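Subject: Structure handover

Hello,

Here is the structure I said I would pass on. My notes come after it.

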Amino acid sequence: MKILITGGTGFVGTQLTPRLLQEGHEVTILTRSLKGTKEFSSEISYLEGDPARRGPWQDEIEKHDAVINLAGASIFNKWTDDYKKTIRESRVNTTRNVVEGIPSGKSFTLISASAVGYYGFCGDEELTEDSPPGNDFLARVTSEWEEEALKAKDKGARVIITRFGIVLGEKGGALSQMIPLFKKYLGGPIGSGKQWFSWIHSKDLSEAFLFLLKHPEISCPVNVCSPNPVRNKDMAKALAKVLHRPSVMPAPGFMVKMVLGEFGSVILEGQRVIPKKLMESGFVFQFPGIYQALQDIVENKS
């Protein structure tokens, strides 16, 4: 399969691309600048273009069999009004432009990223793909993001919406901010620590993409997260145990909100999400448990 990836130079894309190549797929990465791309694998093709803007890059989509759409500004930042606009536009505009370039009447697959933030804040309720959307900022953005991707169905494309949990891996993501704090004996639960943390190991995330490409009978949306979400305090305990550090420095909720603004509520609330479709389809997680996952990641970092 010839696959074009937006956001391919980011945390998830750099984990996914080697697995796609190992499986025999041809990969093209859309990048804003071709400078520095020579240092990567010669097996990868690069296409210059800004996915948030229309351009000649859209004409290249029809030369591929699939697009994996991962582009979007990180939510791990303080949500000012300007940054909230960036979060929305980097997802909605990019997806709109990708769909615009998808040819009509051709067998084509679009796998478009989304997030478990779609469900909003639901306390201890178990959430599956059948659960309704929330109404906070992230839920509204995510719903709009998904709506843009689903328009590709009008062109006859197969569309899969992948709702990610927090991705854990050795080369970035949430752990890149957490591990240094724990190593300095400053780690601990956030707020009450009772909020649910839906997560997935980056290796399982990559395998889930390959699984979805091989199983055309699976329809969207698909929750891509571990079958075992954990409470934040248990996540902190597991990371502390793996790093041989204590978990005794909780971050008070008011401080989290003061530093992160509205995004602080996302961290303090969380979601308890279950990957019902993946489980029912026979997908096997390599790292279903949080301690096993963190142990693998920390060992690879050392």
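This is a predicted model: local features need pLDDT of at least 70, side-chain atom pairs count only at pLDDT 80 or more; totals for chains, interfaces and linings use all residues.

Helices α1 and α5

Helix α1 spans residues 11-22 and helix α5 spans residues 202-214. Their axes lie 9 Å apart, and the two helices pack at an angle of about 55 degrees. The crossing has a right-handed sense. On the α1 side, the contact is made by V12, Q15, L16, R19 and L20. The α5 side supplies S202, L205, S206, E207, F209, L210 and L213. Sorted by class, this contact of α1 with α5 holds seven nonpolar, three polar and two charged residues.

Helices α2 and α3

From α2, the contact draws on K84, I87, R88, R91, V92, T95, R96 and V99. From α3, it draws on F137, V141, E144, W145, E148 and A149. By class, the contact of α2 with α3 has seven nonpolar, one polar and six charged residues.

K84

Setting aside neighbours within four places in sequence, K84 is in contact with W79, F137 and E262. Of these, F137 is also one of the α3 residues in the contact with α2.

Cysteines

How many disulfides does a search of the whole structure find? It finds zero. A disulfide is a covalent bond between the sulfur atoms of two cysteines, and the search requires a pair of sulfur atoms within 2.5 Å. For C122, the closest cysteine sulfur is in C225, 14 Å away, which is too far for a bond. Taken from the other end, C225 has its closest cysteine sulfur in C122, again at 14 Å and too far for a bond. As for accessibility, C122 is at 24% and so counts as partly exposed, whereas C225 is at 0% and counts as buried.

Regards

Key. Residues are numbered from 1 along each chain as its sequence is written. Side-chain values use heavy atoms; hydrogens and water are left out. Axes are lines fitted to C-alpha atoms, for helices over the stretch in contact, and angles run from 0 to 180 degrees between N-to-C directions. Helices (H or I, at least four residues) and strands (E, at least two) are DSSP runs, numbered from the N terminus. A crossing is left-handed if the near helix is turned anticlockwise from the far one by less than a right angle, and right-handed if clockwise. Contact means heavy atoms within 4.5 Å. Ala, Val, Leu, Ile, Met, Phe, Trp, Tyr, Cys and Pro count as nonpolar, Asp, Glu, Lys and Arg as charged, and the others, Gly among them, as polar. Buried means under 20% relative accessible area, exposed over 50%, partly exposed in between (1.4 Å probe, protein chains only).
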